[in-house]
Amino acid sequence: MYFNTHTHLNSDELYANRDIFIQHAIASNVEYIVVAGYDLSSSKRAVEIACEYPFIYATVGISPNDCKDTTEDDLNEIETLLQNPRVVALGEIGLDYYWDDVSRDKQKDIFQKQIDIAKRHDKPIVIHARDAYEDTYSMLKQAAHRGIMHCYSGSVEMAKRYIQIGFEISLAGPVTFKNAKVPKMVATEIGIDHLMIETDCPYLAPHPFRGKLNEPANVVYIAQEIAKLKNMEIEDVARITTFNAKRMFGIK
Ligand code: NI
């Protein structure tokens, strides 16, 4: 009954044992999983995994941290992959000013070109934004498109502005961390109709597994925390976030 909107079963940490992790997820009532690409090879792997399981979908895209040497040919390949019926969105794409590896101009250029590709094919976009919420916001406002703020860690105020321009908020492990005041405020203040849940595994394992290898089944802990903060039944959190994700990704 859970929809995990963002995993990296395509990462080296999880890929080799993906069957085991997928079995764990099924045992924990995870009904849908999205595998997110972050560069060309991980995007191809995401599509490959989505073709193996009917309840797994892929996104393809080049992340701001991986776009240093991205060429027009690479973007053409992303565009071709995007047209595979198992691919439900373009991402993760965006801006990341936390790491300094790629110039901001290059990040913005590759981000914009991928927004344009997504719009051409009418697919939503999955956004990675770190220490760059204002620049990301102005580019997305300009884009006038739709998508998901993945692993959202910004303020309540900013979340409301994103929602106004067609973006939903996906919460990951940090919402479960004891001292994570801001994510908990976002979970409390933002209406359940605009929330989704994810693990971003293998990173950011939720409490009580913080620091350990994260896996798709742990999305249950994100739902549990949101239910607690909102004083809702966990079944309702699961049902509504699943509905939100299916609507965004166009899954029947
Ligand atoms: Ni990710």
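Trainee: In this predicted model, which residues is glutamate 225 in contact with, leaving aside its neighbours within four places in sequence?

Mentor: The place of glutamate 225 is in helix 9, and the residue is buried, with a relative accessible area of 9%, a value that falls under the 20% cut-off. Once the neighbours within four places in sequence are left aside, the contacts of glutamate 225 are Val175, Thr176 and Lys184.

Trainee: At what angle do the axes of helix 8 and helix 9 cross, and how is their arrangement described?

Mentor: Two packed helices are described by the angle between their axes and the distance between the axes. For helix 8 (residues 181–189) and helix 9 (residues 219–230), the axes come within 8 Å and cross at roughly 65°. Angles of 65 to 115 degrees count as roughly perpendicular, so helix 8 is described in relation to helix 9 as roughly perpendicular.

Trainee: Which residues of helix 9 meet helix 8, and how do the residues of the contact divide?

Mentor: On the side of helix 8, the residues taking part are Lys184, Ala187, Thr188 and Glu189, and they meet Glu225, Ile226, Leu229 and Lys230 in helix 9. The residues of this contact of helix 8 with helix 9 divide into three nonpolar, one polar and four charged.

Trainee: Is the crossing of helix 5 and helix 6 left-handed or right-handed, and are these helices roughly parallel or roughly antiparallel?

Mentor: Helix 5 (residues 104–120) packs with helix 6 (residues 133–143) at an angle of about 30°, and their axes are 11 Å apart. Because angles under 35 degrees count as roughly parallel, the two helices are placed in that class. The direction in which helix 5 passes helix 6 makes the crossing right-handed.

Trainee: Which residues of helix 5 and helix 6 make that contact, and how do they divide?

Mentor: Helix 5 contributes Lys108, Phe111, Gln112, Ile115 and Lys119, while helix 6 contributes Asp135, Thr136, Met139, Leu140 and Ala143. The residues of this contact of helix 5 with helix 6 divide into five nonpolar, two polar and three charged.

Trainee: Why is strand 5 described as largely enclosed by the rest of the structure, and which residue stands opposite valine 126?

Mentor: Strand 5 (residues 125–130) is largely enclosed by the rest of the structure because five of its six residues are buried. Strand 5 is joined to strand 4 (residues 87–96) by six bridges, and the two strands run parallel. Within this arrangement, the residue that stands opposite valine 126 in strand 5 is glycine 91.

Trainee: Is asparagine 4 buried or exposed, and which residues does it touch beyond those up to four places away in sequence?

Mentor: Asparagine 4 is found in strand 1 (residues 2–7), and its relative accessible area of 0% makes it buried. Not counting residues up to four places away in sequence, asparagine 4 touches Val30, Tyr32, Ile33, Val34, Ile197, Glu198, Thr199, Pro216 and Val219.

Trainee: Where does proline 202 lie, and what is omega for the cis peptide bond that joins cysteine 201 and proline 202?

Mentor: Most residues other than glycine have a negative phi, and most peptide bonds are trans. Proline 202 lies in the loop between strand 8 (195–197) and helix 9, and proline 208 is also found in the loop between strand 8 and helix 9. The peptide bond from histidine 207 to proline 208 is cis, with omega near 10°, and for the cis bond that joins cysteine 201 and proline 202, omega is about 20°.

Trainee: What is the phi of leucine 204, and what is the phi of asparagine 29?

Mentor: Leucine 204 is found in the loop between strand 8 and helix 9 and is partly exposed, with a relative accessible area of 34%. The place of asparagine 29 is in the loop between helix 2 (18–27) and strand 2 (30–36), and at 44% relative accessibility this asparagine counts as partly exposed. Although leucine 204 is not a glycine, its phi is positive, at about 55°, and asparagine 29, also not a glycine, has a positive phi of about 70°.

Conventions: Residues numbered from 1 in each chain as written. Predicted model: local features only at pLDDT ≥ 70, side-chain atom pairs only at ≥ 80, totals over all residues. Heavy atoms only, no water. Axes fitted to C-alpha atoms, helices over the stretch in contact; angles between N-to-C directions. Helix = DSSP H or I, 4+ residues; strand = E, 2+ residues; numbered from the N terminus. Parallel < 35°, antiparallel > 145°, perpendicular 65-115°, else oblique. Contact = heavy atoms within 4.5 Å. Nonpolar A, V, L, I, M, F, W, Y, C, P; charged D, E, K, R; others polar. Buried < 20%, exposed > 50% of the residue type's maximum accessible area, 1.4 Å probe, protein only. Pairing = 2+ DSSP bridges. Left-handed = near helix turned anticlockwise from the far one by under 90°.
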